[in-house]
Every structure is written in structure tokens, then in C-alpha cells.
Amino acid sequence: MEDTLASLHPDCPDWRRLGPTPADAVLRAQAAAVTSDATDRQEQWSKGFTRRRLLAGGLGVGVAATQLVTTRVSWAAPNVDPGGTLVVVFLRGGMDGLSVLVPADDPELLKARPGIAVRAASLLNVQRGFGMHPAMAPLLPLMTAGRLAAVPAVSTPDLTRSHFQAQDCLERGGAARSPVQSGWLDRVLQELGPGTTFRGLGIGARMSRALLGNSDPVMLTSLKDFTVKGIDGVAPQTLAALETLYTGIDHPLGAQGLDALQAAASAQSYAKQQQKPAKERGYPDGDFGAALATLAQLIKAKAGVRVATVDLGGWDMHTDLGTVDGGDMTNSLKTVAGALAAFAAELGPDLDKTTVVTMSEFGRRVGQNANSGTDHGHGGVALVLGGGVKGGVHGRWEGLAPGVLDQGDVPGTNDYRDLLSEVVMGRLGLSAAQAAKVFPGWKPSPLGVMA
């Protein structure tokens with residue numbers, strides 16, 4: 001269990017010091033679920049192959065190892081009108097919202113951050129006394145067009161400075177003591193109903209907690225690696241043999257086997273439609289740009305993506321946060337802004353039906369620390385961009401006066417569930433009753449981010 005905890009939270013090796021927390025109950029429930037799932041998997045696989053097993057088993061498919069977890073065979077039928085797409089970008093590590101969306105007119109900011117505050121003269125003007133970090137300049141066309149919204153002082157409902165607890169709470173879409181264990185995006189997919197193979201998609205090396213549940217999302221690192229490789233030198237013969245094997249079998253697994261082969265074939269077809277590598281299409285180097293480039297291919301190819309997740313770590317900036325002239329924050333924001341700008345540009349008209357939300361588990365302390373960085377705080381910032389977005393700054397903002405702060409933190413005056421409820425209704429067409437199932441026990445107050 002200790003190895004599991006360390007792998008779940010590699011950037012916080014002192015997790016043992018947190019002591020007993022509500023997350024302990026979550027871990028016990030998850031451990032029980034893993035044990036039960038392993039038993040089910042052994043029984044299922046002893047009788048045949050699920051669609052996931054066919055793609056990720058001994059045939060040597062280059063897909064994420066997390067796809068081996070599930071044994072379900074309830075993948076949706078193809079050729080369903082996909083509707084709009086919601087993309088959730090998780091900026092893991094606790095991004096410093098006060099360096100991204102800066103309250104330039106607040107005199108308390110320079111007092112608290114004499115060495116690292118972004119000065120007003122450098123900011124991209126937004127509204128309501130806020131400016132955006134100059135490294136976000138690639139997104140200026142979206143800001144000008146009213147397609148970029150920002151929500152300051154946004155947070156989970158519980159004040160915690162633990163990465164694991166805050167991420168778990170946010171990705172489940174509930175409070176820390178909520179009994180709901182599935183991810184909020186899994187519940188979104190359940191409400192959306194059937195779709196294509198790629199309706200729920202995670203791009204990267206790890207499955208987002210927000211997708212875990214009954215919806216069977218696809219995990220991949222790239223389209224070209226999502227394939228049945230077969231035995232070296234005889235891959236075509238392997239595919240032909242498998243197609244013959246699964247054709248005409250009067251059993252659900254027969255159809256699932258064929259669907260799996262078709263999914264792999266579709267991925268290869270989509271991959272061939274784009275000959276230029278991500279960098280030549282305007283994306284920055286690195287996994288984040290490559291992930292968004294892959295996602296753009298699938299959306300443009302009308303693959304039926306309804307929800308997708310992409311992660312970018314590295315936001316736990318306790319030391320040397322830097323200035324606008326360089327440093328960790330500037331470099332990281334350049335990566336985010338450059339990749340999102342390239343993604344929006346590549347989508348073109350398809351951006352009208354695509355909305356991107358950026359999230360981070362918490363913000364940072366208002367005051368800088370002794371190492372020219374910032375420590376774990378509470379209220380952060382979320383960005384929403386794309387189609388159907390009402391640009392500008394939304395939600396409550398009460399300033400940085402000492403009497404406003406929550407133990408030295410930006411207070412969480414805007415709940416993430418208000419933002420996410422509004423987005424899933426505005427972008428994906430969920431009703432208020434359906435949104436209540438996605439975020440049980442919560443009555444949302446719209447923030448006005450969707451037009």
C-alpha cells in the first residue's frame with residue numbers, strides 16, 4: 001500500500017506525515033475495489049477476451065497499461081452523432097493562480113510578493129482590475145474574441161493542502177467525505193449515454209481519476225501506438241486470423257472482438273490522415289503539446305469524442321518561481337498557452353463545439369516564501385476557453401486584504417462544482433437534473449462562464 005500511495009503522489013514523499021485523513025477511507029474503498037476487480041478479471045479472462053483485453057493483452061498493443069484494469073465489454077455502438085466535446089486539462093501540482101490571473105490593482109499583492117509578483121505594466125489586460133501573465137500572450141486572440149473566461153478564487157469545498165486529498169476530491173466531483181467514488185467525468189458519460197469508441201478519452205500515461213467508473217474510457221498515448229501489433233513480421237496475417245475468429249460468433253464477445261479490431265483500425269486511419277508532426281503544426285515540444293495534437297486529430301476526424309482529459313504536471317513551485325523574464329512559472333505558462341493556442345487554431349470551426357477547462361487541485365499561499373516560491377494554498381484559478389464561452393472574469397472576488405484571507409490563503413469563494421455544472425450543461429447539453437446526478441448533493445449557482 002505504501003508503494004501505491006507513493007506512486008499516486010510522487011511529488012510529496014512526506015505523505016506519511018499527513019496522518020489519518022478522510023482520504024484513508026477512500027483508499028480502503030479503492031483497495032477493496034481493486035481486489036474485487038482482479039477477481040472478476042480472472043474469471044472473465046478465463047472465459048474469453050474482452051475488447052480491452054484483445055487490444056491490450058498478449059498481442060502487444062501499445063496502449064496505456066491502465067486499460068488492463070477493466071473487464072467490462074459494454075463499449076458503445078459506433079456512428080452516433082457525437083455532439084460537442086469537453087476537454088479537461090488538469091494542471092497537477094497546485095498552480096499559482098495569482099501568477100496567472102493577477103489582481104493588478106490590489107496593493108496587498110506587492111506587499112505579500114515583493115520579489116515574484118507580476119507587475120501591472122507587464123500584464124495582458126483582462127477586466128475587473130485583473131491582468132493575465134504575459135506568457136499567456138498566445139491566447140490573446142481568444143481573449144479578444146471573447147472566447148477565454150477566467151474564474152479566480154476557485155476551489156474544492158474542503159480546505160486541504162494535501163495534493164492527494166485535493167486531487168481526489170476534485171476528480172470525484174464532491175466533498176472529501178462524499179461517499180461517491182466514481183469520477184465526475186465517468187458520471188457525465190453515464191448521463192450522455194451511448195456513443196462511439198472514443199466517446200471517453202484519456203491521453204497520457206495515467207488514467208485520470210475523473211474518468212474512473214463504469215464508462216470504459218479509452219487510454220492512449222498516441223494514435224500510431226493504438227494498434228494490434230501481432231507477431232513481428234506477420235501482423236497482417238494476425239489481423240486476418242482474428243477477424244476470421246470473431247466473425248459469425250453468436251456471442252457478445254464475438255461482436256466485441258470485431259469492434260476492438262475496428263477501433264484499432266480506426267485509430268490507424270486517423271493517424272494517417274495527419275502527416276505532419278505536432279511541432280510542425282504549431283505545438284510546443286513535449287508530451288502536452290503532442291497530447292493536444294492527437295486530440296485535435298480525433299475531433300476533426302469526427303471520431304465522436306465527448307469528454308477527454310490531458311494532464312500537465314510541474315506546478316508545485318516551492319522554489320524559484322521566477323519572474324516574467326524567465327523561470328519555472330513563465331516557462332510552464334508558455335507551454336500551456338502555446339499548446340492551447342495551437343489546439344484552437346487547428347480545430348478551426350470545430351472549436352465552436354469544443355470547450356476546454358483547466359483545473360488544478362488548489363492555489364498557492366498569497367505571500368511568497370523564503371525560497372522565492374509559494375507554498376500550498378487554497379483558492380486558485382480556472383480557465384475556460386473555446387465555443388460557447390462568455391469571455392472575461394467571472395465569479396466572486398473579494399480581494400487580498402488580511403481580513404479576507406483564509407489562514408493566509410485566497411479563500412475558495414467559487415466552488416468548482418458551480419463551474420463544472422455550468423460547463424457540462426452548456427457544452428454537453430445535460431439538463432439540471434442530469435447535472436445533479438453528476439454532482440450529487442450540490443445545488444449549483446451559475447458563474448456566467450457559458451454564453
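1. How many bridges join strand 2 to strand 4? Three bridges join these strands, strand 4 comprising residues 130–132, and the two run antiparallel. Helices (H or I, at least four residues) and strands (E, at least two) are DSSP runs, numbered from the N terminus. Two strands count as paired if DSSP finds at least two bridges between them.

2. The model is predicted: local features need pLDDT of at least 70, side-chain atom pairs count only at pLDDT 80 or more, and totals for chains, interfaces and linings use all residues. Residues are numbered from 1 along each chain as its sequence is written, and side-chain values use heavy atoms, with hydrogens and water left out.

3. On confidence, the protein has a mean pLDDT (the predictor's confidence in each residue, from 0 to 100) of 80, and 70% of its residues reach 70 or more. Over residues 1–81, pLDDT stays under 50. For this stretch the model has 131 contacts (heavy atoms within 4.5 Å) beyond four places in sequence. Where pLDDT is low, the predicted coordinates should not be read in detail.

4. The sheet is open, with three strands in the order 2-4-3 and antiparallel pairing. Strand 2 (101–103) and strand 3 (124–125) are the edge strands, each pairing on one side only. Opposite Pro103 stands Phe130 of strand 4.

5. Helix 11 (residues 287–300) and helix 12 (residues 328–347) have axes that come within 9 Å and cross at roughly 15 degrees. Helix 11 is therefore roughly parallel to helix 12, a class for angles under 35 degrees, with over 145 being roughly antiparallel, 65 to 115 roughly perpendicular and the rest oblique. Axes are lines fitted to C-alpha atoms, for helices over the stretch in contact, and angles run from 0 to 180 degrees between N-to-C directions. The crossing is right-handed, that is, the near helix is turned clockwise from the far one by less than a right angle.

6. The contact of helix 11 with helix 12 includes Phe288, Leu292 and Lys300 of helix 11 and Val336, Phe343 and Glu346 of helix 12. By class, this contact has 10 nonpolar, two polar and two charged residues. Ala, Val, Leu, Ile, Met, Phe, Trp, Tyr, Cys and Pro count as nonpolar, Asp, Glu, Lys and Arg as charged, and the others, Gly among them, as polar.

7. Helix 8 (residues 184–192) packs with helix 13 (residues 416–428) at about 30 degrees, their axes 12 Å apart. These helices are therefore roughly parallel, and their crossing is right-handed. Trp184, Val188 and Leu192 of helix 8 meet Leu420, Val424 and Leu428 of helix 13; the contact has six nonpolar, no polar and no charged residues.
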